[in-house]
Amino acid sequence: MTSSSVPTSAAADPWHWTPPALSRWSRPVGLLRLDGPDTLRVLHGQTSQALEAARPGQWLGTCCIGPTARLRAVAEVLVDADGAWLVIVDGDPEAARLALDRVLFPADKVRLGPVTAATLHQPLGSAGPDASAAGTWAPLAGSPGWQLGEALLLPADAPLPPWLAERSPLEPQQAERWRLQQGLPAAPGEINGDTNPFELGLAARVSLTKGCYVGQETLAKLATYDGVKQQLRRWQATAVPDEAVAAGTPLHDGAGGRAGVITSSLELPGGTGWIGLALVRRAWLQEPALLAGDGPGARLELSLPALFQSPPVGAGGGGGDGKAS
């Protein structure tokens, strides 16, 4: 969740684009309430972040993962005195709720509520009047909803505060471009049950020191034994046909090496080219470009996403000697 500056030309480099000044990025999210004294213990054991010692008023990013550390959803946790709100930012909220429900025992002092619809609004260009400190949240005064740093989380049917309503929402293509530029994973391209948090640049949402939790063994091995085999990268291309850069298209190096796969793609306005995200196998992470599709392939220029957080030191950071990993 970052703010942006005034618009700039992206003719030379599409990654220099910024959203219109004084706009807002509004994303639908799933809101799940957990009440009871065991709430943080349960969330601590079923997500990737250290939550058991969190205090009321804290806001922490986490990942909902399975036993083999496959990513189910990207989430935010808002801790209060009675429990916590779990905000599913991307992924399937109902699947995340079902996974929690399956591990709750009668002895667990947790009440799991239904998933409700909400919207996460990120002001762009400048912060709003009542931004909270980083890592903290607060209920909005006089209206339903919560302040998360510069962002506002509102129930789906709640009216916008006047200052936010004055800002134009990003159009769908603009919103997708902003997501791709930052390198934020989304379903189904990047969040699909086949990827883990380290591959998608979400290392800050993972604790490797908090003790036993679902997926811990897999994540610990990835960090200890240099096991992260692919990482998310941005790509850009010009003068390529649509089918050459569709999601699911494999990447290669021109010499027969299987280098990765495109996960998301977006055509830029005015036919100026394409941008997207791809999972690149670690032996090719230092390559400035790869080819997409069969035959000679379309040339994709690669770069590191703006918000990508590298895996822990020693995990998947090297290129390796062979390109068969």
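Residues are numbered from 1 along each chain as its sequence is written, and side-chain values use heavy atoms, with hydrogens and water left out. Because the model is predicted, local features need pLDDT of at least 70 and side-chain atom pairs count only at pLDDT 80 or more, while totals for chains, interfaces and linings use all residues.

Helices (H or I, at least four residues) and strands (E, at least two) are DSSP runs, numbered from the N terminus. Two strands pair if DSSP finds at least two bridges between them. Strands of a sheet pair through backbone hydrogen bonds, either parallel or antiparallel.

A barrel is formed by 6 strands, in the order β10-β13-β12-β11-β14-β15, with antiparallel pairing. Neighbouring strands of this sheet are turned by 40° against each other on average, direction ignored. Axes here are lines fitted to C-alpha atoms, for helices over the stretch in contact, and angles run from 0 to 180 degrees between N-to-C directions. Strand β15 (residues 298-303) pairs with β10 in the antiparallel sense over 3 bridges. Gln 236 has Glu 301 of β15 as its bridge partner. Strand β14 (residues 289-292) also runs antiparallel to β15, and 4 bridges join the two. Leu 290 is bridged to Leu 300 in β15. Ala 289 stands opposite Glu 301 in β15. The β14 and β15 hairpin has 5 residues between its strands, and Gly 293 takes a positive phi near 85° there.

Helix α4 lies across β10, β12 and β13. The helix runs at about 150° to β12. Within α4 (residues 172-182), the buried residues are Ala 175, Arg 177, Trp 178, Arg 179, Leu 180, Gln 181 and Gln 182. Buried means under 20% relative accessible area, exposed over 50%, and partly exposed in between (1.4 Å probe, protein chains only). The buried residues of α4 pack against β1 (23-35), β5 (111-124), β10 (230-237), β12 (258-267) and β13 (274-281). Contact here means heavy atoms within 4.5 Å. Just after the helix, Gly 183 has a positive phi of about 80°.

Gly 201 lies in the loop between α4 and α5 (216-224). Gly 201 is buried, at 2% relative accessibility. Leu 307, Phe 308 and Gln 309 touch Gly 201, not counting residues up to four places away in sequence. Pro 311 is 110 residues from Gly 201 in sequence, yet the two are 6.9 Å apart in space, C-alpha to C-alpha.

Strand β2 (residues 59-65) is largely enclosed by the rest of the structure, because 7 of its 7 residues are buried. Both faces are covered. Trp 59, Gly 61, Cys 63 and Ile 65 are buried on one side, and Leu 60, Thr 62 and Cys 64 on the other. β2 pairs with strand β3 (residues 71-80) in the antiparallel sense over 7 bridges. Val 74 in β3 is the bridge partner of Cys 63. The two strands form a hairpin with 5 residues between them, and Ala 69 in the turn has a positive phi of about 70°.

The structure holds 0 disulfides (pairs of cysteine sulfur atoms within 2.5 Å). The closest cysteine sulfur to that of Cys 63 is in Cys 64, at 7.8 Å, so the two are too far apart for a bond. Cys 63 is buried at 0% relative accessibility. Cys 64 is also buried, with a relative accessible area of 7%.

Thr 47 sits in the loop between α1 and β2. Its relative accessible area is 2%, and Thr 47 is buried. The side chain of Thr 47 reaches the backbone oxygen of Leu 43 at 2.9 Å. A second polar contact of 2.9 Å joins the side chains of Thr 47 and Thr 62. Thr 47 touches Thr 62, Cys 63, Cys 64, Lys 210, Tyr 213 and Val 214, not counting residues up to four places away in sequence.

Thr 39 lies in helix α1 (residues 39-46). Thr 39 is buried, with a relative accessible area of 1%. A polar atom of its side chain lies 2.9 Å from the backbone oxygen of Gly 36.

Technical notes:
Polar contact = N/O pair within 3.5 Å; in protein donor to acceptor, adjacent residues only side chain to side chain.
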